[in-house]
Amino acid sequence: MDQPYMVLPAKKKKNLCHSVEERIRKEWEGSGERTDKTFFRGKVTTRQTSDMFLSESEDELEQLHSDLDSESSNCSLEEDYIPGGGLTRGSDLEDFTDEDSSDEEWVNKPTKTRASRKRCRSVSASPALSSPKSPSKKREQSPNRKKLQHASTPKKNSTSPRTGKAFSNPRRKNESGKRQSERRPVTEEEDDADDGDRWHNIDEDDVEPPQPRFRPERDVGPQLNRTANYTPLELFQLFFSKTVIDTLLTNTNAYGKRKYQGQKESWVPVTAADMHSFICLVLYMGIVPLKTLKEFWRGSKLFSLPFPASVMPCRRFLAISRSLHMNDPAAEAANDLKKGTSGYDRLCKIKPLYGQILEACHTFFHPHQHISIDERMVATKARIGLKQYIRNKPTKWGFKLFVLADSICGYTLNFFVYGGREGQPTGKGLSYDAVMRLLNIPFLGKGYKLYVDNFYTSPTLFLDLLQRKIWACGTIRSNINGYPKTKRNDMTKKTTRGTIRWVRKGELLFVKWLDTREVTMCSTIHKAYTNDMAKRKVKNTDGQWTVKQVPIPGCIKDYNRHMGGVDLSDALIGYYNVLHKTQKWYKTLFYHFVDIATVNAFILHKEMCKLQNRPTLTQKSFREQLILSLAEIGSTPRRSAPQNFMLPASPFKVHPASPFKVAPAAQTTPSLSIAAPASTSNVPSVCPSEARPGSTYMVPPPSLSTEGPLATASDAPGLGHLPTYFVQQMSNVASRARATAGRRSCVVCKRKSPVYCSTCQKTLCFTTLRNCYSEWHRSNSICI
């Protein structure tokens, strides 16, 4: 009858062990057999002694030992000992290791029945229960036996009858892990052999794919009259056209009127001239940046900038800036009611101007064959869900724009503001949907070469672009679906710099190139290697830096050359960025739209100059001319004359005729009295600036006297030639600077003078040291 398995406390286990030994000794002494003292020196484990009971005879014990050997069970003592010989240690311990067991025995070993396990527990496997003859037999069998595990230790994946937890042997786990790791490479090689994929070396030839035939639907470049000479203002108005200005005026006036209701200060409607002046100052603030807007109108010596005040007063500029709106306030209120539903538009506040700028970008330029797609960040600190974070960008926080740009000139062809998940996704990822949306341009054509980074590159995208006759190239991530997983002939840690590996799967080429690190590419345009070389600095054996020629794949070389279209556009925008701090997030995007329009207009100017073989302006000069032109067509303050600072010509207005009208009676009446000269002292001299239009002034005749000869016209003094200061035509000039403001070069001594003749419009010195004013008039016979 099998004994039940039970776990006893440590103290009871020890007492039970001694009682079992005493029982065995008494039985053997009663049978008349000699007891060996060394027999009881062996260590009996507690769990084993609690389960075993005495065998009836010596034959039964031998039969039990043979059963244990045949089944190779784990039911034995942890340390076998031999009666009379003590523990088997030293050289005999090597015979009890399990190194002889094969993998097949552990893996394919059938599960033992519970009866055999119970039998192992019920029968003592210790040599202490065997007869004195059994030790010799055991010594004879020991070299061929395996070391048996603890009798109470459960088998692999077996559970304890009490706790139900599985027990495992750590050594056996390590061996199984080693066996799996040994078998794993074999399995991958077999799979690679089945797929036929293998990383090829640089020496193996690749099939060059057919090159695309470039067939644009329009002429490449500006879609303008290529013989006309466009000014910066005309190019800018292609994007901020009259329709765009009218949209801004309508929405700004609607919002401003509602905002200023019930306030002390009433709303003054914005006109087209006001909007042009507002945009003029926005561009000016990109060239001359200051911390706050009010500093542009400060009259201190440190912030003395006369131009902003000559274009628009500060209060008017701030009023337009606070009320600036791109969408109808009623439409925005209706959209706010849909918040939380699928019909809510997060970009409602910028939509009308957003679409008009996009349409202009599509219309007036057609891209070259090489185009690129990348993200652009517009910096903002607004607390809004549209704000994104990109770790690898210089501007890490801001609005994210997906941009399609020309790789040669950096012209922004298409873009959209990422506002989260929109519409029904295709299930192929955000990057796939972004590329397809950006390439949805009218009149694009076929045969384009698109360059993207590893955020967009996927085999699925490239194959779908081929269906649209658009070839693509870009870096790729090695964990993306469709990338070759084979390790055959792959790069190792000791691979030298410049090593190339490639795999072609149909129309897709996958390339690995080892530079300072491993670079992975995917392309539908290139061949694996076209004998291109690149210069790299490497250390020789002496530790000296030397220049070395290393092979480089053609796809990587073209990628480095044509991927920077969006980066070039970002650089052109960043030089004179018009962004400044604002409390409304949509105004940040309005300023960015102004930047896009200005940079695209500048690129159109450069392309037109190349076609006409004319010198091109720098971007700063282009913006300066644009600012001056916008100020001319903009509104002017009531108290200033901004044209004096904007026109490159002389600031003086030369009248086509003399400002004095001579009455015919002064010439035809001969009977003037001799005392007439006395009356001439009461005739005031009239300055042209004080003359009213349409009025007639009498010029007194030359003085006639009987006491001397008649005075000729040359002897008459010059009437009306009064000195005037330039500062009288200026506004917002500090009192300390009024003596030198607006100085010009004197026509006589060529020195700086703040005085000019109000009639002759000539700059002349009139100081205590130099009197060029009188000298010039006498030399020209104007005055005596």
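Helices (H or I, at least four residues) and strands (E, at least two) are DSSP runs, numbered from the N terminus. The model is predicted: local features need pLDDT of at least 70, side-chain atom pairs count only at pLDDT 80 or more, and totals for chains, interfaces and linings use all residues. Residues are numbered from 1 along each chain as its sequence is written, and side-chain values use heavy atoms, with hydrogens and water left out.

**View 1. The loop between β19 and α24 at glutamine 761.** Glutamine 761 lies in the loop that runs from β19 (755-757) to α24 (772-779). Its phi is near 60°, a positive value in a residue other than glycine.

**View 2. The loop between α19 and α20 at asparagine 613.** Asparagine 613 sits between α19 (585-612) and α20 (619-633). Here too a residue other than glycine has a positive phi, near 55°. Asparagine 613 counts as exposed, at 72% relative accessibility.

**View 3. Packing of α19 against α20.** The axes of α19 and α20 are 11 Å apart and meet at an angle of about 115°; axes are lines fitted to C-alpha atoms, for helices over the stretch in contact, and angles run from 0 to 180 degrees between N-to-C directions. The two helices are therefore roughly perpendicular (angles under 35 degrees count as roughly parallel, over 145 as roughly antiparallel, 65 to 115 as roughly perpendicular and the rest as oblique). Their crossing is right-handed, that is, the near helix is turned clockwise from the far one by less than a right angle.

**View 4. Residues in the contact of α19 with α20.** From α19, Asp595, Thr598, Val599, Ala601, Phe602 and His605 meet Gln619, Phe622, Arg623 and Leu626 of α20; contact means heavy atoms within 4.5 Å. Five of these residues are nonpolar, three polar and two charged (Ala, Val, Leu, Ile, Met, Phe, Trp, Tyr, Cys and Pro count as nonpolar, Asp, Glu, Lys and Arg as charged, and the others, Gly among them, as polar).

**View 5. Stretches with pLDDT below 50, residues 70-168 among them.** The mean pLDDT of the chain is 74, on the predictor's scale of confidence in each residue from 0 to 100. Over residues 70-168 the model has 140 contacts beyond near neighbours in sequence. Residues 639-716 also stay under 50, with 63 contacts beyond four places in sequence.

Note on methods
Buried < 20%, exposed > 50% of the residue type's maximum accessible area, 1.4 Å probe, protein only.
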